[in-house]
Amino acid sequence: MRPVCVITGASGGIGAATARLAAARGYDLALSYNGNKAAAEAVAADARKAGARAEIYRADVAKPGDIEALFTAVDRDFGRIDALVNNAGVVDMAARVTDFTHDRLRRMFDINVIGAMLAAKEAVLRMQAQGSGGSIVNISSVAARLGSANEFVDYAASKAAIDTFTKGLANEVATDGIRVNSLRPGLIETEIHAKGGEPDRAERLAVNVPMKRVGTADEVADAVLYLLSDQASYVTGAFLDVSGGR
Ligand code: NAP
């Protein structure tokens, strides 16, 4: 039986690369997207070509009702959950803390933190009921330890919250055989930089990376699949940086 993996924000970037690799590694896939249905369909089509069962679901992770509906639909369509990749996330336009607004902070924390926590809650409830363990990978960022001054201190703080959540949840569910880890990408070439108003941001900052280059979504996906797999059977509550040394 193929294990079932839920990936949030699977319509682009790291989520899409993770979905394609997970299909090749033998997972069936429940893929969520927010605005880009066509892109999610294309990812699901590739996953099916690789032999996976793949379904797509629209769910804004900032809306608790959407998250509940997502997991109810996964219950209906797949009947179980073995893995969750909490990947959906956003940045905002570069700004100093003195320019932050309440609306900006609410959006950032609703999507990056509360959405991920509620998705993990729904996954854990099902994994505990199944009684056969499971694996959760939270996509954090090296920003959690860098702080992202003058750019995205709010984003960095949201990812630090995810790291702390990873550690606490990992300890809470360890005896259920559920492993929870954070994957912290560095500068990765995806659309997220354009959405933050600077399409060339990753290339511009690559000079600060010890390896002197940006990373690819496929390189992140490889590490996610490791953390999901039995090869990481003694790894929980850990933070794995995929950042070229940054
Ligand atoms: P991306 O290319 O912009 O993709 C983001 C994904 O998240 C898309 O599938 C998008 O869905 C989804 N999403 C956005 N808002 C959502 C919402 N409210 N509800 C549900 N889904 C939502 O970004 P990425 O670079 O792959 O980022 C993926 C994760 O990696 C994020 O958590 C990000 O913080 C983290 N990360 C990225 C980098 C980097 O350099 N790229 C570095 C460190 C960490 P739609 O397109 O369908 O709206």
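Mentor: Happy to. A cavity is a set of points on a 1 Å grid over the protein atoms alone where a 1.4 Å probe fits but cannot get out, and lining residues have an atom within 4 Å of a point. Grid points are joined across faces, edges and corners, and a volume is the space filled by probe spheres set on the points. This is a predicted model, in which local features need pLDDT of at least 70 and side-chain atom pairs count only at pLDDT 80 or more, while totals for chains, interfaces and linings use all residues. Residues are numbered from 1 along each chain as its sequence is written, and side-chain values use heavy atoms, with hydrogens and water left out.

Trainee: Okay, what volume does the largest cavity have?

Mentor: The largest cavity has about 30 Å³. The count of cavities of 30 Å³ or more comes to one.

Trainee: Which residues line the largest cavity?

Mentor: Its lining is made of Asn 86, Ala 88, Asn 112, Ala 116, Ile 139, Lys 159 and Ile 162. Helices α4 (102–130) and α6 (153–173) each give at least two residues to that lining. Helices here are DSSP runs of H or I with at least four residues, strands are runs of E with at least two, and both are numbered from the N terminus.

Trainee: And what about the largest pocket, what is its volume?

Mentor: About 1,000 Å³. A pocket is an open set of points with protein on both sides within 12 Å along at least five of seven lines. This one is lined by 45 residues, and Asn 87, Gly 89, Val 90, Ile 192 and Lys 195 lie nearest its centre. Elements supplying at least two lining residues each include α1 (13–24), β2 (28–33) and α7 (192–195).

Trainee: Changing topic: where does Arg 184 lie, and is it buried or exposed?

Mentor: Arg 184 lies in strand β6 (residues 178–185). Its relative accessible area is 11%, so Arg 184 is buried. Buried means under 20%, exposed over 50%, and partly exposed in between, with a 1.4 Å probe and protein chains only.

Trainee: Which side chains does Arg 184 make polar contacts with?

Mentor: The side chain of Asp 163 is one, at 2.9 Å, and the side chain of Asp 241 is another, at 2.7 Å. A polar contact is a pair of N or O atoms within 3.5 Å; within protein, one must be able to donate a hydrogen and the other to accept it, and residues adjacent in sequence count only if both atoms are side-chain atoms.

Trainee: What else joins its side chain to Asp 163 by a polar contact?

Mentor: Ser 140 does, at 2.8 Å. Ser 140 sits in the loop between β5 (134–139) and α5, and it is buried at 2% relative accessible area.

Trainee: Last one: where is Ala 129 found?

Mentor: In helix α4. With 68% relative accessibility, Ala 129 counts as exposed.
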